[in-house]
Amino acid sequence: MKSPYLQFTPAKDYSTAAAFLKGRIQGINEFQLDNLFHKGRIRIAGKVIPAGYAIKAGTLIEVQLHAPQTIAPEDIPLNIIYEDLFLMVIDKQAGMPMHPGLGNFNGTLLNALKHHYRRINDTTSLLTESLVHRLDKDTSGLLVIAKTRAAARKLELQFQEGTIEKCYHALVWGKPEPESGQLNVKMGRHPVNEKIIQVFEDGSHGKDSVTDYVFVSSHGPASKMALFPKTGRTHQLRVHMHYLGHGLLGDSRYPQPVVVTPSYWPRLALHASLLGFTHPMNGKAMRFESAWPDDLATAMALLEQNQP
């Protein structure tokens, strides 16, 4: 029986798995390789590894280009903003992972999509390759889902070319001065802790990352910000605001020094509030907006009441 994995064994050590695999998989560009890591499709000894995992010579690396069809349908409510034969726009709830893997084996968006397609008797829609972009588990907001391979390819191209319109709203500690600006820095995996992304000020490592930011309003010791990512790096907005000295509330991976997030804070204060793109099949301009979610609004009101 043919293995579902491509297998690679490096002849020497590599600082990261991404560095070794770059250019080695026919038909897979750097953007698509990043997606394979994000989707948990690259493993060593059956264990999912991140892009920054250090590789030793002689290690067997397995790459699964296509997800298995064994994703179980789960009756998880989806807030579907728009749907047609080719795509779907979802307002994702916080706490929902995108796909099984990296410790999340159920309760994911793909589990919910599998149930949705069965419920409406839609057997033609794509499932395993439908995630053309992603939000972190604890980030809420707008996502576009491809339902055919042609739509997926064309939407991925828009993301690669940077023609997708995106705005996120976030609550950060303090108030940036000046109130608006742009961050244009190199960022990449921490050389020791691969779970952490960092900015490389000297530009010696990492990839280009660009975010425009604008102050929106004050809320006690915090500020609501509008963030406009021009690139799509892992944890980009969280890392950029932390580097600016105004980390996101509820961010346990990139906490702001000195300040302490209140115990009642529900989760990461980041919401994908605007998404605009060209319909991949008919060329129509599509633009969707999502309001600041209730859980963050409630916590923000408590923050204002309890300020020093």
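Predicted model: local features only at pLDDT ≥ 70, side-chain atom pairs only at ≥ 80, totals over all residues.

Trainee: What counts as a strand, and when do two strands pair?

Mentor: Strands are DSSP runs of E with at least two residues, numbered from the N terminus. Two of them pair if DSSP finds at least two bridges between them. In a sheet, strands pair through backbone hydrogen bonds, either parallel or antiparallel. Here β9 and β10 (residues 197-200) are antiparallel, with four bridges. β9 (residues 180-189) also runs antiparallel to β11 (residues 207-219), joined by eight bridges; Ser180 has Val214 in β11 as its partner.

Trainee: What is the strand order in the open sheet of four strands?

Mentor: The order is β1-β4-β2-β3, and the pairing is antiparallel. At the edges sit β1 (6-8) and β3 (47-48), each pairing on one side only. Three bridges hold the antiparallel pair β1 and β4, with Gln7 opposite Glu62 in β4.

Trainee: Why is β6 described as largely enclosed?

Mentor: Buried means under 20% relative accessible area, exposed over 50%, and partly exposed in between, using a 1.4 Å probe and protein chains only. Six of the six residues of β6 (residues 87-92) are buried, so the strand is largely enclosed by the rest of the structure. Leu87, Val89 and Asp91 point one way, while Met88, Ile90 and Lys92 point the other way.

Trainee: Which strands does β6 pair with?

Mentor: β5 pairs with β6 in the antiparallel sense over three bridges, and a hairpin of three residues connects β5 to β6. β7 (residues 140-146) is antiparallel to β6 too, over six bridges. Ile90 stands opposite Ile80 and also opposite Leu143 in β7.

Trainee: Is Pro77 buried or exposed?

Mentor: Exposed: Pro77 has a relative accessible area of 61%. You'll find Pro77 in the loop between β4 (61-63) and β5 (80-83).

Trainee: And where does a charge sit over a ring?

Mentor: The test is NZ of Lys or CZ of Arg within 6 Å of the ring centre and within 35 degrees of the ring normal. Here the charged end of Lys175 sits over the ring of Phe215, 4.5 Å from its centre.

Methods:
Residues numbered from 1 in each chain as written. Heavy atoms only, no water.
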